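Dear colleague,

Please find below the structure I am handing over to you. My findings follow it.

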Amino acid sequence: MQIQTHTDNHIQGDEILHAHVQESVEHALGRYEDRITRVEVFLAEEHARDKHIGHNDDNDKRCVMEARLRGLKPLSVRHHDTTVKDAFEGAADKLLHLVEKTLGRLEHRHESVIIDAEPLG
């Protein structure tokens, strides 16, 4: 599972941030690493250019995460919060639930096909 981190001009994307993202994603989604080929994390500050004109939205940190699962369309989530860390953790939690739900549905469908294919008595 490849993990990529992207930041805008207003978020300092240093090695500490990249290491935290890498470790957190591996911890949260590691059990699905055979199904996930890549996770991309996009961190940004919204309204940064508007702060000088009085725009002061507390939830201006945004994290968008996209997971690419083998054989499926990419899954993406977004979360806004007051800090980069909270925005990332909120998005990571949403992505974990979306991956679990998506793969759970696929496995349920696969089990139904196997059950339906078995001969009746």
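M65 has its place in strand β3; strands (E, at least two residues) and helices (H or I, at least four residues) are DSSP runs, numbered from the N terminus. This is a predicted model, in which local features need pLDDT of at least 70 and side-chain atom pairs count only at pLDDT 80 or more, whereas totals for chains, interfaces and linings use all residues. Residues are numbered from 1 along each chain as its sequence is written, and side-chain values use heavy atoms, with hydrogens and water left out.

M65 counts as buried, because its relative accessibility is 1%; buried means under 20% relative accessible area, exposed over 50%, and partly exposed in between (1.4 Å probe, protein chains only). The residues that M65 touches, not counting those up to four places away in sequence, include V25, V39, V41, F88 and L95, where contact means heavy atoms within 4.5 Å. S76 is also touched by M65: the two are 11 residues apart in sequence, and their C-alpha atoms are 5.5 Å apart in space.

Overall architecture

The chain has 2 helices and 4 strands, arranged along the sequence as β-α-β-β-β-α. Of its 121 residues, 34% count as buried. Among contacts between residues at least 6 apart in sequence, 56% join residues at least 24 apart. The chain exposes about 8,000 Å², of which carbon and sulfur atoms supply 49%; accessible areas come from the Shrake-Rupley method with a 1.4 Å probe, and for residues only the protein chains shown count as cover.

The nonpolar core

The largest nonpolar core has 27 residues, and those with the most contacts inside it are V25, L29, V39, V41, M65, F88 and V99. Such a core is a set of buried Ala, Val, Leu, Ile, Met, Phe, Trp, Tyr and Cys residues joined through side-chain atoms within 4.5 Å. At least two residues of this core come from each of α1 (15-29), β2 (36-45), β3 (61-69), β4 (75-81) and α2. The largest share, 9 residues, is supplied by α2. V41 touches, among others, V21, V25, C63, M65 and F88, not counting residues up to four places away in sequence.

Helix α1

Helix α1 has 15 residues and reaches 21 Å from its first C-alpha to its last, close to the 21 Å expected at 1.5 Å a residue; the expected span is 1.5 Å times one less than the number of residues. Its buried residues are L17, V21, V25, A28 and L29. Seen down the axis of α1, these buried residues fall within an arc of 75 degrees, so they line one face of the helix; the arc is that of the directions from the helix axis to the C-beta atoms. On the other side of α1, E15, I16, E23 and H27 are exposed.

Two polar residues

E40 lies in strand β2 and counts as buried, because its relative accessibility is 11%. Its side chain makes a polar contact with the side chain of H6 (3.0 Å). A polar contact is a pair of N or O atoms within 3.5 Å; within protein, one must be able to donate a hydrogen and the other to accept it, and residues adjacent in sequence count only if both atoms are side-chain atoms.

T102 is found in helix α2 (residues 84-117) and is buried, with a relative accessible area of 18%. A polar atom of its side chain lies 2.8 Å from the backbone oxygen of L98. Leaving aside residues up to four places away in sequence, T102 touches L72 and L75.

With kind regards
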